[in-house]
Amino acid sequence: MSSPHTKSASVAAALAALDEGRAPERSVLREAVRALLAVLAERAPGRSVEVRVPPYGAVQCVAGPRHTRGTPPNVVEMDPATWLALAVGRLSWADAVTEGRVRVSGTRADISGHLPL
């Protein structure tokens, strides 16, 4: 099941740049990250986990106890290139965590069941 967002021009352009060893244009990378975060929030609705991809975006997702104030108890944070790779299936959750490319905290922070998008 593929969302039109995961096939967007910004996602394709960002992945192509990364494949070529280039840094994607900032605006393209921002749009790609936000598009894929929106897909995650749509497919895993809820507010128990916050997924952060600084500096471009963050979403709350995954059903469960709702977080309302302060630092969320369940946080997933990674850089934009790691997020793109996870979201499109080029990197497994286990490898990303093992390699230290994803920082997780909280008992509900494993979002591997929602990836790839």
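Guide: A crossing counts as left-handed if the near helix is turned anticlockwise from the far one by less than a right angle, and as right-handed if clockwise. The crossing of helix 2 and helix 3 is left-handed. Before we go on, please note that this is a predicted model, in which local features need pLDDT of at least 70 and side-chain atom pairs count only at pLDDT 80 or more, while totals for chains, interfaces and linings use all residues. Residues are numbered from 1 along each chain as its sequence is written, and side-chain values use heavy atoms, with hydrogens and water left out.

Visitor: Which elements does the protein have, and in what order?

Guide: The protein has four helices and four strands, where helices (H or I, at least four residues) and strands (E, at least two) are DSSP runs numbered from the N terminus. Read from the N terminus on, the elements go α-α-β-β-β-α-α-β.

Visitor: Why is the protein called as compact as a globular protein of its length?

Guide: Its radius of gyration is 14 Å, close to the 13 Å that the globule rule gives for 117 residues, so the protein is as compact as a globular protein of that length. The radius is taken over C-alpha atoms, and the rule is 2.2 Å times the number of residues to the power 0.38. Along the principal axes, the C-alpha atoms fill a box of roughly 40 × 30 × 25 Å.

Visitor: What makes helix 2 oblique to helix 3?

Guide: Their axes come within 10 Å and cross at roughly 45°. That value makes helix 2 oblique to helix 3, since angles under 35 degrees count as roughly parallel, over 145 as roughly antiparallel, 65 to 115 as roughly perpendicular and the rest as oblique. The angles run from 0 to 180 degrees between N-to-C directions, and the axes are lines fitted to C-alpha atoms, for helices over the stretch in contact.

Visitor: Which residues make the contact of helix 2 with helix 3?

Guide: Helix 2 brings Leu29, Ala32, Val33, Leu36, Leu37 and Leu40, and helix 3 brings Pro80, Trp83, Leu84 and Ala87; contact here means heavy atoms within 4.5 Å. By class there are ten nonpolar, no polar and no charged residues. Nonpolar covers Ala, Val, Leu, Ile, Met, Phe, Trp, Tyr, Cys and Pro, charged covers Asp, Glu, Lys and Arg, and the others, Gly among them, are polar.

Visitor: Which class of angle do helix 1 and helix 2 fall into?

Guide: Helix 1 (residues 9–19) and helix 2 (residues 26–43) pack at about 120°, with axes 8 Å apart. Helix 1 and helix 2 are therefore oblique to each other. Helix 1 passes helix 2 in a left-handed crossing. The contact is made by Ser10, Val11, Ala13 and Ala14 of helix 1 with Val28, Leu29, Glu31, Ala32 and Leu36 of helix 2. Those residues divide into seven nonpolar, one polar and one charged.

Visitor: Which class of angle do helix 1 and helix 3 fall into?

Guide: The axes of helix 1 and helix 3 (residues 80–88) cross at roughly 115° and come within 11 Å. That makes helix 1 roughly perpendicular to helix 3. Their crossing is left-handed. Val11, Ala14, Leu15 and Leu18 of helix 1 touch Ala81, Leu84 and Val88 of helix 3, giving seven nonpolar, no polar and no charged residues.

Visitor: What makes strand 2 and strand 4 edge strands?

Guide: The open sheet of four strands has the order 2-1-3-4 and mixed pairing. Strand 2 (57–61) and strand 4 (102–105) each pair on one side only, where pairing needs at least two DSSP bridges between two strands. From one strand to the next, the twist averages 15°.

Visitor: How do you know that strand 3 is paired with strand 1 and with strand 4?

Guide: Strand 1 (residues 49–53) and strand 3 (residues 75–78) run parallel and are joined by three bridges, with arginine 52 opposite glutamate 77. Strand 3 and strand 4 run antiparallel with four bridges, and valine 75 stands opposite serine 105.

Visitor: Which strands does helix 3 lie across?

Guide: Helix 3 lies across strand 1, strand 3 and strand 4, at about 110° to strand 3.
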